[in-house]
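Here is a short report on one protein model. Look at the overall form first, then at the side chains.

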Amino acid sequence: MSQTPKHQCCHEADIAELKTQIKQKRYEINDIEARLDSFNEKLDDLLEHLSRVELQLIETTSVARTYKSIIYLLISIFGLSGVLFIIKTATILLD
């Protein structure tokens, strides 16, 4: 059974419409891929930044523990009032 020219025309129009839709979907997919790539780059940058922050926190914690140990040592040697006197004197001298 052969198609009439009218049916052939409709069939070709349907194919053309489908090709247009496929082309549009490809553009959309390419746009989504570009946005995902950008998002991945931003995530990589964020992870790198968080790693640096983590290292800084570890260093800060280490320094804080050192100061805490020094303060406890000074308190055990001079007593609390002696340490407070040293801190007060140091503050006055540094001003």
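This is a predicted model: local features need pLDDT of at least 70, side-chain atom pairs count only at pLDDT 80 or more; totals for chains, interfaces and linings use all residues.

Is Y72 buried or exposed? Y72 is exposed, because its relative accessible area is 53%. Buried stands for under 20% relative accessible area, exposed for over 50%, and partly exposed for what lies in between (1.4 Å probe, protein chains only). Y72 sits in helix α1.

Residues are numbered from 1 along each chain as its sequence is written, and side-chain values use heavy atoms, with hydrogens and water left out.

**Overall form**

Helices (H or I, at least four residues) and strands (E, at least two) are DSSP runs, numbered from the N terminus. Helix α1 covers residues 5–94. The radius of gyration of the protein chain is 36 Å, whereas a compact globule of 95 residues would have one near 12 Å. That radius is taken over C-alpha atoms, and the globule rule is 2.2 Å times the number of residues to the power 0.38. Along the principal axes, the C-alpha atoms fill a box of roughly 110 × 30 × 15 Å.

L94 also belongs to helix α1. From L94 to E54 the C-alpha distance is 32 Å, at a sequence separation of 40 residues. L94 counts as exposed, since its relative accessible area is 74%.

**Surface and charge**

Of the 95 residues in the protein chain, 2% are buried. The protein chain exposes about 9000 Å², and carbon and sulfur atoms supply 64% of that area. Accessible areas come from the Shrake-Rupley method with a 1.4 Å probe; for residues, only the protein chains shown count as cover.

The protein chain carries 11 positive and 14 negative charges, and their mean positions are 4 Å apart. Lys and Arg count as positive and Asp and Glu as negative, while His and the chain ends are not counted. Each charge is placed at NZ of Lys, CZ of Arg, CG of Asp or CD of Glu.

**Salt bridges**

How many salt bridges does the structure hold? The structure holds three. A salt bridge here is a side-chain nitrogen of Lys or Arg within 4 Å of a carboxyl oxygen of Asp or Glu.

| Salt bridge | N to O distance |
|---|---|
| K25 and E28 | 3.7 Å |
| R35 and D31 | 3.2 Å |
| E48 and R52 | 3.1 Å |

K25 and E28 are three residues apart in helix α1, so about one helical turn separates them. R35 and D31 are four residues apart in helix α1, so they too are separated by about one helical turn. E48 and R52 are likewise in helix α1, four residues apart, or about one turn of the helix.

Accessibility can be given for several of these partners. E28 is partly exposed, because its relative accessible area is 34%. R35 is exposed at 52% relative accessibility, whereas D31 is partly exposed at 40%. E48 is partly exposed with a relative accessible area of 48%. R52 is partly exposed at 43% relative accessibility.

**Surface patches**

Which residues form the negative surface patch? E33, D37, E41, D44 and D45 form it. Patches are made of residues with over 30% relative accessible area and no salt bridge; like charges are joined within 9 Å, and nonpolar side chains (Val, Leu, Ile, Met, Phe, Trp, Tyr) within 5 Å. D45 lies in helix α1. D45 is exposed, because its relative accessible area is 51%.

A nonpolar surface patch of about 470 Å² is the work of F39, L43, L46, L47 and L50. L50 is part of helix α1. L50 counts as partly exposed, because its relative accessibility is 44%.
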